[in-house]
Amino acid sequence: MFYVYVQQSQKDNGFYIGYTSDLKKRIAEHASGKSASTRPRGPWKLIFYEAYLNKYDALRREKYLK
């Protein structure tokens, strides 16, 4: 499975949209500050995600949301 997800910053209420094949691991990376792209604006709250069977559909949806 492939996932597109939206997180909201608890610091500035901004959004982060991402794609991953391991949602639990990726959310944990954001929460622990291991992701340089989201570290300064954390903590984060997962507000939405969608699951896809193939990578192409997930990437296309991520681009649409961004």
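I call a residue buried under 20% relative accessible area, exposed over 50%, and partly exposed in between (1.4 Å probe, protein chains only). The model is predicted: local features need pLDDT of at least 70, side-chain atom pairs count only at pLDDT 80 or more, and totals for chains, interfaces and linings use all residues. Residues are numbered from 1 along each chain as its sequence is written, and side-chain values use heavy atoms, with hydrogens and water left out.

I looked up salt bridges next (a side-chain nitrogen of Lys or Arg within 4 Å of a carboxyl oxygen of Asp or Glu). The structure has 5 salt bridges.

I checked arginine 41 with aspartate 12: their side chains form a salt bridge at 3.1 Å, N to O. Arginine 41 sits in the loop between helix 1 (23-32) and strand 3, and aspartate 12 in the loop between strand 1 (2-9) and strand 2 (15-20), 29 residues apart. Helices (H or I, at least four residues) and strands (E, at least two) are DSSP runs, numbered from the N terminus. Aspartate 12 is partly exposed at 43%. Arginine 41 is partly exposed at 26%.

I then took arginine 61 and glutamate 50, a salt bridge at 2.9 Å, N to O. Arginine 61 is in helix 2 (residues 55-65) and glutamate 50 in strand 3, so the pair ties together parts 11 residues apart in sequence. Glutamate 50 is buried at 18% relative accessible area.

I also noted glutamate 62 with lysine 66, whose closest N and O atoms are 3.3 Å apart in a salt bridge. Glutamate 62 is buried at 12%, whereas lysine 66 is exposed at 64%.
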